[in-house]
Amino acid sequence: MSPSLISMIILTVLPIICTIVIAFTNYNIKTLNTGWKFVGLKNFADIITGPLKEIFLPVFGWTIVSTTIITFGGFFVGLIYALILSNKNMKESAIYKAFLVIPWALPATIVIISFTGLLNSQYGAINGILMNLHIIAEPIMWLTEPWAARTAIVLISIWLGFPYMMNVCIGALAAIPETYYEAASIDGATPVQKFFKITLPSLANTAFPLLIGSWSFNFGNFTAAYLLLGGGPVRPDSPFAGYTDVLGSAAYKMTIQFGRFDLGAALSIILFIIVGTIAFVQMKASGQFKEVD
């Protein structure tokens, strides 16, 4: 076998097989030395309809909501900047592009940890700027109040993700023939009509697969939720998941912090099924599987 195939088997295939096997057992930190056994679908039942249902459903709902807002928010912010920077009369657009791509170039881990200090309610720079501008009268408890924490995670994720969307949209906009806009101008179309009748439809073939891939990535990505707040603020009714936890971070914490490898593996499989199903349905509905002559 080739080295690449061996690496794929060791780093991809074997972990997947182990995860599937563990999901159907009671393998956890308590049974690690005393012996574990197969329990069938019990772990899945505990998560979906059993004692963990009260936590799974809110976390699942927040994962869907946050993923959708982050994906489409990043796309529309990137599209707005792409439209502005695609203006041929803007001679200094290359300078602006260089500055706007900085969030994408910086390591996400370092950026998110830095935001922990910036969002501090007592000495954080963000609250200080907002209060000096008289936008808020009192400090916002970004790190302790559930909805403020969720808002912070969404905004940080959009800020980290929009440069990628911007670059893709700039390339897609450059591929739209100028004759389309010239013909629309002759017909008396307004800028808004040109945007909805020419720009958006022309971006659809490029943007839709991108949005599906980005949505799938964001659904399983828990970097911001875990590094910024560790999934907190803490829910009073569960130690497994906080108010900002998504399914990915809940599975990680359940495995690493609490030693429930069985539940973590089951939750990972549920996460895979959800992402795969939604991505397949979206791709099928958009006609991405159709053969092109």
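Tutor: Happy to! Helices (H or I, at least four residues) and strands (E, at least two) are DSSP runs, numbered from the N terminus. This is a predicted model, in which local features need pLDDT of at least 70 and side-chain atom pairs count only at pLDDT 80 or more, while totals for chains, interfaces and linings use all residues. Residues are numbered from 1 along each chain as its sequence is written, and side-chain values use heavy atoms, with hydrogens and water left out.

Let's look closely at Thr25, which sits in the loop between helix H1 (3–23) and H2. Thr25 counts as buried because its relative accessibility is 1%; buried means under 20% relative accessible area, exposed over 50%, and partly exposed in between (1.4 Å probe, protein chains only). What does the side chain of Thr25 have 3.2 Å from one of its polar atoms? The backbone nitrogen of Tyr27 is there. This is a polar contact, defined as a pair of N or O atoms within 3.5 Å; within protein, one must be able to donate a hydrogen and the other to accept it, and residues adjacent in sequence count only if both atoms are side-chain atoms. Contact in general means heavy atoms within 4.5 Å. Setting aside neighbours within four places in sequence, Thr25 is in contact with Trp36, Lys37, Phe38, Val39, Asn43 and Asp262.

Asn120 is found in the loop between helix H6 (108–118) and helix H7 (125–132), and it is buried with a relative accessible area of 16%. A polar side-chain atom of Asn120 is 2.8 Å from the backbone nitrogen of Gln122, and the Asn120 side chain also reaches the backbone nitrogen of Tyr123 at 3.2 Å. Not counting residues up to four places away in sequence, Asn120 touches Asn127 and Leu143. Asp262, a contact of Thr25, is 142 residues from Asn120 in sequence and 36 Å from it in space, C-alpha to C-alpha.

Two other loops hold backbone features worth checking. Most residues other than glycine have a negative phi, and most peptide bonds are trans. His134, in the loop between H7 and H8, has a positive phi near 60 degrees, and with a relative accessible area of 71% His134 is exposed. The Gly232 to Pro233 peptide bond is cis, with omega near 0 degrees; Pro233 belongs to the loop between helix H11 (223–229) and H12.

Now for the packing. A nonpolar core is a set of buried Ala, Val, Leu, Ile, Met, Phe, Trp, Tyr and Cys residues joined through side-chain atoms within 4.5 Å. The largest such core has 24 residues, and Ile47, Phe219, Leu247 and Leu267 have the most contacts inside it. At least two of its residues come from each of helix H2 (42–48), helix H3 (53–85), helix H10 (191–220), helix H12 (247–256) and helix H13 (261–285), with H13 giving the largest share, 9 residues. Beyond its neighbours within four places in sequence, Phe219 has contacts that include Phe60, Leu247 and Leu271. H12 is largely enclosed by the rest of the structure, because 7 of its 10 residues are buried; among them are Leu247, Lys253 and Met254.

For the whole chain, the protein has 13 helices and 0 strands, and 37% of its 293 residues count as buried. Its C-alpha trace spans about 80 × 60 × 40 Å along the principal axes.
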